[in-house]
Amino acid sequence: DRAAATGLPVLVVPDARAALGRAASWVFGDPAGDLLLVGTTGTSGKTTVTYLVDSGLRAAGMSTGLVGTVEMKVGDERVQSSLTTPEATDLHGLFALMRERGVTSAAMEVSSHALALGRVGGTRYDVAVFTNLSQDHLDFHPDLRDYFETKARLFTPEYCDIAVVNADDRFGRALVDMV
């Protein structure tokens, strides 16, 4: 109310973390939009799939970036990683650096924490991959249903164009029914 009383424009944001990702994307000129972007989520296998995708993209002649638990890469430069998925401002800055250095595609791990906390806000994936889901991260998620529903957000039109889902997993089959 005090800000509005000054006569200055006031923007009320119900979810600042979610808005931060879209704002960061805008500030950096939507760098993810200039990359062929593949995001992988699941309880197990994210790192392996991300490295396999990176290898395949390189074999196809693309200059690649990688975002994951073990490391981040911009072309051939390796950078230590502290989170599976960085905060939104860091992520969009990393995508901007990739674009600046001629990277044309990137493979990345997308954690449930990142989806729940808005770290991938403003990021659109050309391909989203689901590996599996098992009882994990229940220190963060109240139950398995919430954990699954959080992972499933990656497969909505807001985040991805093409879904690749492991249907050998019961949650994968449930995800197929949803998309």
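# A tour from surface patch to salt bridges

Start by selecting Trp26, Val27 and Phe28, a nonpolar patch on the surface with about 380 Å² of accessible area together. A patch is built from residues with over 30% relative accessible area and no salt bridge, where nonpolar side chains (Val, Leu, Ile, Met, Phe, Trp, Tyr) are joined within 5 Å and like charges within 9 Å. Areas are computed by the Shrake-Rupley method with a 1.4 Å probe, and for residues only the protein chains shown count as cover.

This is a predicted model, in which local features need pLDDT of at least 70 and side-chain atom pairs count only at pLDDT 80 or more, while totals for chains, interfaces and linings use all residues. Residues are numbered from 1 along each chain as its sequence is written, and side-chain values use heavy atoms, with hydrogens and water left out.

**Helix H2**

Keep Val27 selected and show helix H2, residues 16-27, where Val27 is found. Helices (H or I, at least four residues) and strands (E, at least two) are DSSP runs, numbered from the N terminus. Val27 has a relative accessible area of 58% and is therefore exposed; the classes are buried under 20%, exposed over 50% and partly exposed in between, with a 1.4 Å probe and protein chains only.

Next select Ser25, also found in helix H2. Ser25 is at 7% relative accessibility, so Ser25 counts as buried.

**The cavity**

Select Arg17, Leu20, Glu87, Ala88, Leu117, Gly118 and Arg119, which line the largest cavity. A cavity is a set of points on a 1 Å grid over the protein atoms alone where a 1.4 Å probe fits but cannot get out, and lining residues have an atom within 4 Å of a point. The structure holds one cavity of 30 Å³ or more, and about 30 Å³ of space lies in the largest cavity. Volume here is the space filled by probe spheres set on the points, with grid points joined across faces, edges and corners. Colour the lining by class to see three nonpolar, one polar and three charged residues. Ala, Val, Leu, Ile, Met, Phe, Trp, Tyr, Cys and Pro count as nonpolar, Asp, Glu, Lys and Arg as charged, and the others, Gly among them, as polar.

**Salt bridges**

The structure holds ten salt bridges, each a side-chain nitrogen of Lys or Arg within 4 Å of a carboxyl oxygen of Asp or Glu.

Select Arg99 and Asp34, whose side chains meet in a salt bridge (3.0 Å, N to O). Arg99 is in helix H4 (residues 88-100) and Asp34 in the loop between H2 and strand S1 (36-41), 65 residues apart. Arg99 is partly exposed at 30% relative accessibility, and Asp34 is partly exposed at 45%.

Move to Arg101 and Glu77, a salt bridge of 2.3 Å, N to O. Arg101 is in the loop between H4 and strand S5 (105-109), and Glu77 is in strand S4 (residues 77-80), 24 residues apart. Glu77 is partly exposed, with a relative accessible area of 39%.

Then select Asp161 and Arg124, where the salt bridge is 2.5 Å, N to O. Asp161 lies in strand S7 (residues 160-165) and Arg124 in the loop between helix H5 (112-116) and strand S6 (125-130), so the pair ties together parts that are 37 residues apart in sequence.

Notes:
On a 1 Å grid over the protein atoms alone, a cavity is a set of points where a 1.4 Å probe fits but cannot get out, and a pocket is an open set with protein on both sides within 12 Å along at least five of seven lines; lining residues have an atom within 4 Å of a point.
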